[in-house]
Amino acid sequence: MANHKSSLKRIRQDKVKTLHNKYYAKTMRNAVRKLRSLTDKDEAVKLYPEVQKMLDKLAKTNIIHKNKASNLKSSLSLHISKLA
């Protein structure tokens, strides 16, 4: 266990940040899952910009890696283009 006052504060801050990051990462994963499960192209095209915006924001704030965001956007756009 930490003894310094600053170490204790850092532990408290890390808990809050971890909870915040987990929430947004989980929200992003659910949005990606929802988009992948869609079979209607019109709905998917409508939802894609929102998911893309979410991925870009999370990459900008280092919640996910920028390459992961790019890979997800690429695979989702490929999925949308294959829909009938």
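H2 and H3 pack with their axes 10 Å apart, at an angle of about 175 degrees; axes are lines fitted to C-alpha atoms, for helices over the stretch in contact, and angles run from 0 to 180 degrees between N-to-C directions. The two helices are therefore roughly antiparallel to each other, a label for angles over 145 degrees. Helices here are DSSP runs (H or I, at least four residues), numbered from the N terminus. This is a predicted model, in which local features need pLDDT of at least 70 and side-chain atom pairs count only at pLDDT 80 or more, while totals for chains, interfaces and linings use all residues. Residues are numbered from 1 along each chain as its sequence is written, and side-chain values use heavy atoms, leaving out hydrogens and water.

Look next at Lys-73 and Asp-56, which form a salt bridge with the closest N and O atoms 2.6 Å apart (a side-chain nitrogen of Lys or Arg within 4 Å of a carboxyl oxygen of Asp or Glu). Lys-73 lies in H3 (residues 66-82) and Asp-56 in H2 (residues 41-60), so the pair ties together parts 17 residues apart in sequence. Lys-73 counts as buried at 17% relative accessibility, whereas Asp-56, at 35%, is partly exposed; buried means under 20% relative accessible area, exposed over 50%, and partly exposed in between (1.4 Å probe, protein chains only).

Finally, Leu-35 touches residues including Ala-44, Val-51, Leu-76 and Ile-80, not counting residues up to four places away in sequence; contact means heavy atoms within 4.5 Å.

How values were computed. Parallel < 35°, antiparallel > 145°, perpendicular 65-115°, else oblique.
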